[in-house]
Amino acid sequence: MKKFERFEGVVAPLDRANVDTDLIIPKQFLKSIKRTGFGVNLFDELRYLDEGQPGQDCSQRPLNPDFVLNQPRFKGAEVLLARRNFGCGSSREHAPWALEDFGFKVVIAPSFADIFYNNSFKNGILLITFPEDVVDRLFAEVAANDGYQLDVDLEHKRVITPSGEILEFEVDDFRKHCLLEGLDDIGLTLKDEDAIRAFEQKHKAARPWLFRQSA
Amino acid sequence: MSGQTLYDKLWNQHLVKQRDDGTALIYIDRQLLHEVTSPQAFEGLRLANRKPWRLDANLATPDHNVPTTIKERAEGNSGIKDPVSLIQVQTLDDNCLEYGIEEFKINDPRQGIVHVVGPEQGATLPGMTVVCGDSHTATHGAFGALAHGIGTSEVEHVMATQCLLAQKMKNMQVRVEGELGLGVTAKDVVLAIIGKIGTAGGTGYAIEFAGSAIASLSMEGRMTVCNMAIEAGARVGLIAVDDTTIDYLGKRPFAPTAEQWEAAVADWRNLVSDADAQFDKAVTLQAEEIEPQVSWGTSPEMVTGISGQVPDPFAALDETVQRSHTRALEYMGLQANQKITDIKLDKIFIGSCTNSRIEDLREAAKVAKGKKVADSIKLAMVVPGSGLVKRQAEAEGLDKIFIEAGFEWREPGCSMCLAMNADKLGAGEHCASTSNRNFEGRQGYGGRTHLVSPAMAAAAAIAGHFVDVRTLPANDATHAQEA
Ligand code: SF4
C-alpha cells in the first residue's frame with residue numbers, strides 16, 4: 001500500500017444521502033477476479049447514459065452531462081464530498097477499489113457505513129467524518145468556487161480550506177499509522193503468531209466441537 | 001458491575017489480543033467463501049507466499065453467479081454462459097482445490113447460498129465467530145454466533161491469520177414484544193424495525209433481537225431477521241440461544257458428535273444476555289402493531305404497511321429526506337399518496353438468503369396453491385436457497401404447486417437478488433421480491449424492487465398488484481407465520 005502523504009486536491013461534491021455500494025460500482029463489474037481497473041465504472045449508472053458491461057471500452061459510451069464527475073471543473077478530483085451513510089449496502093471491496101482507481105484519496109461525509117469504512121482504510125483511502133453543518137458548508141463553498149481545493153493533512157488530523165480555515169477530524173491511531181506508513185495488516189498481525197497459536201490451543205481444549213470437520 | 005450482553009460474551013470468548021490503540025485481534029472459527037469476494041484474497045495469499053492458517057475453518061460454495069434454470073445447471077460450470085462469471089466460478093474451484101478447502105461445487109446437492117448452506121450443514125454453531133465476504137453474514141447471528149460481513153482484504157487476513165482485526169461495537173437491543181398477527185412474518189418484523197430505526201440506525205452497533213415475538217420465531221424466521229441487520233446499518237445481528245436453536249442443530253453434518261453434544265449444549269445455554277446487562281441503545285416494537293410490509297423506495301427504510309400509501313416527500317421536515325424521497329419516487333415511478341395496494345407488478349422473485357429456506361417456500365406455496373399467476377405478470381420465479389432446500393420442497397410437493405400456478409421452479413443460487421446471473425429486471429419493471437435490497441439497479445438496470453415476505457410476494461403474483469395476505473380467504477395465507 002502506498003504511503004498517505006499530505007496533498008491538496010480538487011473536491012467533487014456528490015449531493016445525495018445513502019449512496020450505496022451498488023451505486024458506487026454496479027454488480028456486473030464484480031465479476032472481475034482482479035483488484036484494479038474498476039475506476040472507469042465508478043458510479044457507472046450515474047455517470048453514463050447507457051447500461052455498462054464489463055470489459056467494454058468506456059470511452060465510446062454516452063456520458064451523463066449532469067453528473068458531477070463529468071463536469072470539467074471537477075476533473076482530476078481527489079476528494080469526494082458526500083452525504084450521510086455513504087457506502088451503505090454490500091461488503092464489496094470493489095467500491096473502495098473503484099474510488100481509488102478513479103483517483104480519489106479522501107471521502108468526506110457526515111457518516112459512513114461500517115464495512116465500507118473498514119474496507120476503505122485497508123485500501124489507502126482516508127474517510128473523514130465531519131458534522132452535518134460542516135459538510136453543508138463545504139458543499140456551499142464548493143458550489144460557489146470553481147477549482148475548490150482542500151489541503152488534507154492526515155498527520156495532524158486536519159483539513160485546511162482555501163480561506164485558511166482549519167477543520168480538525170478524528171481517526172483512530174492504528175488506522176492513521178497504517179495509512180501514513182502504508183502498512184499491510186497481515187504482516188502486522190502475524191507478528192502476534194505466538195499469541196494466536198496459544199489462544200487457539202486453549203480455545204480448542206475448551207470447545208473442541210468448534211474444530212470439527214463434517215462427518 | 002453489570003452483567004454481560006450476548007455480544008460481550010462472544011467477543012470475550014474470542015479475544016486474542018487487545019491492542020492499546022483500541023483495535024483487537026479476534027479469533028475466527030468459521031469462514032464461508034463464495035466466488036465473488038474471494039479471488040483477490042487467494043491472489044493476495046499467493047503473491048505474498050502465505051498459506052491458509054487452518055483449512056478446516058473454511059467452507060466454500062459458488063452462489064452469486066450460478067445460473068438457475070434447470071437446463072443450464074444440468075451442464076455444470078459449462079452451463080454458465082457469461083464467460084466472466086464462468087471464470088469467477090472456475091477460479092473458486094481451482095483455488096479450493098489448490099489449497100485443499102472443502103467446497104460444495106455447482107451441482108453438489110449441498111450447494112446453495114452461503115448463508116443458507118452454513119446453518120443447514122451445522123457449519124454455523126452457537127458460540128462461533130463466523131465471517132464471510134458478504135454483508136449478509138449477519139444471518140448466522142440467529143444461532144447466537146458472532147457473525148460479521150467482511151471485505152476481501154479481510155477475507156485474505158482471516159485466511160492467513162485466522163483472526164480479524166476488529167473494534168468492539170456498541171450494544172443495541174431491539175425488542176419485539178407480543179404476538180404477531182396472522183399473516184405477519186419475520187420479514188415483516190425486520191422491515192418494520194428498519195422502517196423505525198432507519199438504515200443507519202444500527203451503524204456501529206451489534207443488534208440483539210429479543211422479546212417474546214422474536215423468541216416465538218422458528219430458526220428460519222430468526223435468520224430472516226438477523227439477515228437484514230445490515231440493512232439497519234449493523235454488521236452484527238444476534239439472537240440468544242434457546243431450545244429452538246438447539247433442536248435445529250441436532251444431527252447436522254458439522255454439528256458436534258454424540259460424545260461432545262452434551263458439553264456443547266451446556267456451553268450454548270450460556271449464550272444469552274445476562275438479566276442485568278446494559279445496552280447502549282434500546283428500541284421496542286409492539287408485535288400487534290406490525291402489519292405486512294412493502295418497501296416503496298430505493299432504500300430498505302422506505303417501507304410501510306400494506307394498508308399504507310406512498311409518502312409525500314414534502315411531508316418530511318428534513319431537506320435531505322425530501323430530496324431522497326423525491327428522487328426515490330421518480331426512480332420507482334410512483335406518485336405521492338398512491339395506495340400500496342395500487343402498485344402493479346411485472347415480476348415476482350421468491351428467493352435470496354433472506355427468504356429461500358423451506359419455511360419461506362411453504363408460506364408462499366400456501367398462498368399459491370390452486371391459484372394462477374396473473375396474466376399481467378411477465379415472470380414469477382421461485383429460487384430455493386440450496387440444493388437440500390430444493391429436495392425437501394420437492395418431497396413436500398411444493399414444486400408442483402408453484403409450477404401449476406405458473407411460477408418457474410429454479411435451481412439454487414442468489415439469482416435475481418442481485419442479478420449477477422441472467423435473472424434480472426428490465427428497466428422500469430416493478431418486482432415483488434423477497435430479497436433484502438431495493439437499491440437502484442440492484443435487480444437489473446432501471447429495475448424497481450419492492451421488498452416483501454414470501455406470502456406477500458405470492459399473493460402479489462396472483463393478484464398482479466399488492467394485496468394484504470390477511471384478507472385472503474382462510475386456508476391460504478392466514479397461517480403463514482406458523483411452521
Ligand atoms: S442472496 Fe443476495 S444478499 Fe444474499 S448472499 Fe446472495 S446476493 Fe447477497
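# A guided tour of chains A and B

Begin by selecting B:Ser352, which is found in the loop between β15 (347–350) and α13 (358–368) of chain B; helices (H or I, at least four residues) and strands (E, at least two) are DSSP runs, numbered from the N terminus. The model is predicted, local features need pLDDT of at least 70, side-chain atom pairs count only at pLDDT 80 or more, and totals for chains, interfaces and linings use all residues. Residues are numbered from 1 along each chain as its sequence is written, chains are lettered from A in the order in which they are written, and side-chain values use heavy atoms, with hydrogens and water left out.

B:Ser352 counts as buried because its relative accessibility is 1% (buried means under 20% relative accessible area, with a 1.4 Å probe and protein chains only). Leaving aside residues up to four places away in sequence, B:Ser352 touches B:Ile113, B:Cys417, B:Thr434 and B:Ser435 (contact means heavy atoms within 4.5 Å).

**The two domains of chain B**

Next, colour chain B by its domain assignment, which gives domain 1 (1–291) and domain 2 (293–482); such bounds come from an automatic or database assignment. The contact takes 50 residues from domain 1 of chain B and 52 residues from domain 2 of chain B. Between these domains about 3,900 Å² is buried, 57% of it from carbon and sulfur atoms (buried area is the accessible area, 1.4 Å probe, that two parts lose on being put together, summed over both). Select B:Thr68, B:Ile113 and B:Glu291, which supply 18% of the area that domain 1 of chain B buries against domain 2 of chain B, more than any other three residues.

**Where chain A meets chain B**

Now display both chains. Their contact takes 63 residues from chain A and 83 residues from chain B, and about 6,200 Å² is buried between them. Select A:Lys31, A:Trp209 and A:Arg212, which supply 13% of the area that chain A buries against chain B, more than any other three residues.

The count between chain A and chain B is 10 salt bridges. To view a salt bridge between side chains, select A:Asp22 and B:Arg442, at 3.5 Å from N to O. Finish on the side of chain A that touches chain B, where several elements give two or more residues, including α1 (21–24) and α8 (193–206) of chain A. On that side α8(A) gives the most, with 7 residues.

Note on methods: Buried < 20%, exposed > 50% of the residue type's maximum accessible area, 1.4 Å probe, protein only. Salt bridge = Lys/Arg side-chain N within 4 Å of Asp/Glu carboxyl O.
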